[in-house]
Amino acid sequence: MALLPNSRTEPDGSAVVRVLTYNIRSMRDDTDALARVIRACAPDLVLLQEAPRFFRWRKKLARLARKSDLVMLTGGATAAGPALLCSLRATVERTEDVLLPLTPGMHRRGLATAVVRFGGARLGVLGCHLSLDRNERYEQGGMLLDRLAGMGVEHAIAGGDINEAPDGPTFRRLAATLQDARATAPWGGELTWNATDPDRRIDAIFATPGIEVLACGVPHDHPGVTEQDLRSATDHLPVLAALKIPPTAP
């Protein structure tokens, strides 16, 4: 497997960033293995789903960030599960956690969002975990696109647990407007659920059209990532992407 491009800032102000999305099942599994996987991927941004939401959730999330050589950006209980971590390379402009409408009998869902800068590149970031219900999930997909369009940035990414394969209506709705990073530049593995015997791709990273997707996939055989850690860390497999973000015009 080809090596994933390293993070870097180009002389023209553009930036290559590594983005990881990962459903961590409320850190109920092997958190040391989880931190090893994240750290080995050396991400600039991490989009988490099912982050801790209850007793001492901030402390648990901060501990994971520290073990992964990252810092907390936003989200967690305040976004009903999605959370964002980042490296010190990111300059944070603003953050906002958004709770989506609650359907009676269903879990509350939310979005963790931020605007960050890497060198001369400005980037909107949105982390999500969409509903298990087909109709609610489709509506949430539309809200995701509206929120992304309203962030006031030229370039943005969204990612998370879509709870649907690429042939589903919500996934297709997102991919009609955004680049499905895995389909655009396949790298590594494809299937994300479940970690022990994967048979479908329900976790994804999307990017607005101006972003260059360099590579995207499950980091099997990535240096420092072991199959044992991938199976022990949580019940999903992570998706790692390298993206080139154009510089923001003055």
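Let's start with aspartate 44: setting aside neighbours within four places in sequence, aspartate 44 is in contact with Ser7, Val16, Val17, Arg18, Leu85, Cys86, Ser87, Arg89 and Phe118. Contact here means heavy atoms within 4.5 Å.

Before I go on, a word on what we're looking at. This is a predicted model, where local features need pLDDT of at least 70 and side-chain atom pairs count only at pLDDT 80 or more, while totals for chains, interfaces and linings use all residues. Residues are numbered from 1 along each chain as its sequence is written, and side-chain values use heavy atoms, with hydrogens and water left out.

Okay, back to aspartate 44. Where does aspartate 44 sit? In the loop between α1 and β3. When I say helix or strand, I mean DSSP runs numbered from the N terminus: H or I with at least four residues for helices, E with at least two for strands. Aspartate 44 counts as buried because its relative accessibility is 4%. The scale goes like this: buried is under 20% relative accessible area, exposed is over 50%, and partly exposed is in between, with a 1.4 Å probe and protein chains only. The side chain of aspartate 44 also has a polar contact of 2.6 Å with the side chain of serine 7. A polar contact is a pair of N or O atoms within 3.5 Å; within protein, one must be able to donate a hydrogen and the other to accept it, and residues adjacent in sequence count only if both atoms are side-chain atoms.

Arg89 was on that list for aspartate 44, and here's another residue that reaches it. Threonine 9, in strand β1 (residues 8-9), makes a side-chain polar contact of 3.2 Å with the side chain of arginine 89. Threonine 9 is partly exposed, at a relative accessible area of 43%. Threonine 9 and phenylalanine 118 are 109 residues apart in sequence, yet their C-alphas are 7.4 Å apart in space.

Now, helix α1, residues 31-41. Which of its residues are buried? Ala33, Leu34, Ala35, Val37, Ile38, Ala40 and Cys41. They pack against β2 (15-23), β3 (45-49), α2, α6 (227-233) and β13 (239-245). At the N-terminal end, aspartate 30 caps α1, with a side-chain oxygen 3.1 Å from the backbone nitrogen of aspartate 32. After α1 comes alanine 42, with a positive phi near 50 degrees.

Beyond its neighbours within four places in sequence, serine 68 is in contact with Ala35, Ile38 and Arg39. Its side chain reaches the backbone oxygen of leucine 64 at 2.8 Å. And is serine 68 buried or exposed? It counts as buried, because its relative accessibility is 3%.

On to charges. Side chains of opposite charge can pair when their charged atoms come close. We count a salt bridge when a side-chain nitrogen of Lys or Arg is within 4 Å of a carboxyl oxygen of Asp or Glu, and this structure holds 12 of them.

Take arginine 117 and glutamate 93, whose side chains meet in a salt bridge at 3.3 Å, N to O. This pair links distant parts of the chain: arginine 117 is in strand β7 (residues 110-118) and glutamate 93 in strand β6 (residues 91-99), 24 residues apart. Both ends are partly exposed, arginine 117 at 32% and glutamate 93 at 36%.

What about aspartate 180 and arginine 201? They form a salt bridge too, with the closest N and O atoms 2.8 Å apart. Aspartate 180 lies in strand β10 (residues 179-180), and arginine 201 in the loop between α5 (181-184) and β11 (203-207), so parts 21 residues apart in sequence are tied together. Here both partners are buried: aspartate 180 at 9%, arginine 201 at 7%. There's a network as well: salt bridges that share partners join Glu93, Arg94, Arg117 and Arg122.

That's where I'll stop, so over to you.
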